[in-house]
Amino acid sequence: MSTIKQFQVTFDCADPERVARFWCEVLGYAVPQPPAGFATWDDFNRSLPPEDQGAWFACTDPSGVGPRLFFQRVPEGKVVKNRVHLDVRVGTGLVGEERLATLEAECARLVALGAVRERLLVADGVNESCIVMRDVEGNEFCLD
């Protein structure tokens, strides 16, 4: 039996490039170079049939450690809570007021990028505080 070494996280969305570029900013990810023979992703998209233009977009961790993120256009909108979500780990190892200040500072940065703050979940003796948020298309994620 083989061991999986890499995985990709795939998002269903209406506007793949917009959502991908949001997550690039959140995580410090980068947009890969366009396919060989194309100077830009716009050039590549224009080469596709109209129904395939803008159908997907991807971004990668420049360090090569994190998973590739893939965003694919789907016809239906989001209607219920995510079954899977990302935890953006900005407060690892921090507790109390120091953790809250770090979470709040990152929350403010992400709101400026188009995210929406949902609610603060306060430490309860088992779990540390986190902030529940939504990305630019309403997908839930946590600042942890």
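User: How many disulfides does a search of the whole structure find?
Analyst: The model is a predicted one. A disulfide needs two cysteine sulfur atoms within 2.5 Å. The sulfur of C24 lies 3.6 Å from the closest cysteine sulfur, in C59, and is therefore too far away for a bond. Over the whole structure, the number of disulfides found is zero.

User: Is C59 buried or exposed?
Analyst: Buried means a relative accessible area under 20%. The relative accessibility of C59 is 0%, so C59 counts as buried.

User: Where is L69 placed, and which residues does L69 touch, not counting those up to four places away in sequence?
Analyst: L69 belongs to strand 3, which covers residues 68-73. At 2% relative accessibility, L69 counts as buried. Its contacts beyond four places in sequence are V9, F11, W23, L27, Y29, F57, A58 and C59.

User: Which element gives the largest share of the largest nonpolar core?
Analyst: This core holds 27 residues, and W23, L69, F71, M133, F141 and L143 touch the most other members. Elements giving two or more residues to the core include strand 1 (8-13), helix 1 (16-27) and helix 2 (41-46). With six residues, the largest share comes from helix 1.

User: How far apart in space are L69 and T102, C-alpha to C-alpha?
Analyst: In sequence, 33 residues separate L69 and T102. In space, C-alpha to C-alpha, the distance between L69 and T102 is 25 Å.

Key
Residues numbered from 1 in each chain as written. Predicted model: local features only at pLDDT ≥ 70, side-chain atom pairs only at ≥ 80, totals over all residues. Heavy atoms only, no water. Buried < 20%, exposed > 50% of the residue type's maximum accessible area, 1.4 Å probe, protein only. Contact = heavy atoms within 4.5 Å. Core = buried A, V, L, I, M, F, W, Y, C linked by side-chain atoms within 4.5 Å.
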